[in-house]
2 protein chains.
Amino acid sequence: MNDRAGDDSAPATEQPVRFPIDGGCFGCSPSNPNGLGLTFRRRGDVIVADYTFGERFHGAPGIVHGGIIAAALDEISCAAAVFVRDVPVVTGELTVRYRHPCPVETPLTLSARVAGEHSRYLIVEADVSQGDKRLAHSSGKFFLTSTPTAP
Amino acid sequence: MNDRAGDDSAPATEQPVRFPIDGGCFGCSPSNPNGLGLTFRRRGDVIVADYTFGERFHGAPGIVHGGIIAAALDEISCAAAVFVRDVPVVTGELTVRYRHPCPVETPLTLSARVAGEHSRYLIVEADVSQGDKRLAHSSGKFFLTSTPTAP
């Protein structure tokens, strides 16, 4: 079974996607100097992001803190719901599996796709990869909300 | 079933615990100005921390980013392994359930305890609470490692 979030039959074209309002979100705001500042692209039904975690985000020396990995996976999972399904969501549950340490100051790739749909929530899966090597994987329940969540 | 991490029959006495080396960890270092700077106390077999998440850690306006909640739960879970069981660990898997939004700039309580032990890993459960109200809960697999992880 291939459950890599970014392995869908993706067209060659990509386009940047951006939340319309900058509310200072830790995960994606360009104006929060303490945050991750993730920016996303849409490639078919997959949302992707290139990202290098700075040294300030380490846990053990040289390794990105596991919680920061969770933050990035949570953020890109929400982006998949918003930009692919066009629905605002809130995170209800997130499971992260840490397969290999994620090095700081190293170009990595994030990807996410909607993997399932229920009446009240979406299942979104996401990955952190270094080249072809998957370092961390998440699966989460993202509940539909009638209130748009300004990022 | 009562699975609240901090509900063990806790003695009244508490004592501060601190990692012996400050390696700049995002979760617990006093010298990482961008991090959480969590400090821990041991109360019986439970590790607790009082913490107020700053505005810079928000996702939706006024609400702590779900990934930052995961980071705090991951950090205090590792602390429970280190300070209660005296073993270094690395996070293998972490599941966070978000029950209620966690407000920023509001005093909250974190707690964690070792809930199970296997040959290769510990199960650690942790909570974020506001008074008696549990806002988020985590359960994770924390793998024993022979290499101490300087925080």
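Which residue is the bridge partner of Leu94(A) in strand 4 of chain B?

## Pairing across the two chains

The bridge partner of Leu94(A) in strand 4 of chain B is Val96(B). Strand 4 of chain A (residues 89-98) pairs with strand 4 of chain B in the antiparallel sense, over 5 bridges; strands pair if DSSP finds at least two bridges between them, and strands (E, at least two residues) and helices (H or I, at least four) are DSSP runs numbered from the N terminus.

This is a predicted model, in which local features need pLDDT of at least 70, side-chain atom pairs count only at pLDDT 80 or more, and totals for chains, interfaces and linings use all residues. Residues are numbered from 1 along each chain as its sequence is written, while chains are lettered from A and ligands numbered from 1 in the order in which they are written.

## Contact and symmetry

The contact (C-beta atoms, placed from the backbone, within 7 Å) takes 32 residues from chain A and 32 residues from chain B. On the side of chain B that touches chain A, helix 1 (66-84) and strand 4 (89-98) are the elements that give two or more residues.

Chain B is superposed on chain A by a rotation of 180° with 0.0 Å of shift along its axis (RMSD 0.0 Å), by least squares on the C-alpha atoms of residues with pLDDT of at least 70 in both. The two copies are therefore related as by a two-fold rotation axis, and the C-alpha of Thr95(B), 2.0 Å from this axis, is the nearest in chain B.

## Strands within chain A

Strand 2 (residues 40-43) of chain A runs antiparallel to strand 1 (residues 15-17), joined by 3 bridges, with Val17(A) opposite Phe40(A). Strand 2 of chain A also pairs in the antiparallel sense with strand 3 (residues 46-52) over 3 bridges, and in this hairpin, with 2 residues between the strands, Gly44(A) takes a positive phi near 65°.

How values were computed: Two residues are in contact if their C-beta atoms, placed from the backbone, lie within 7 Å.
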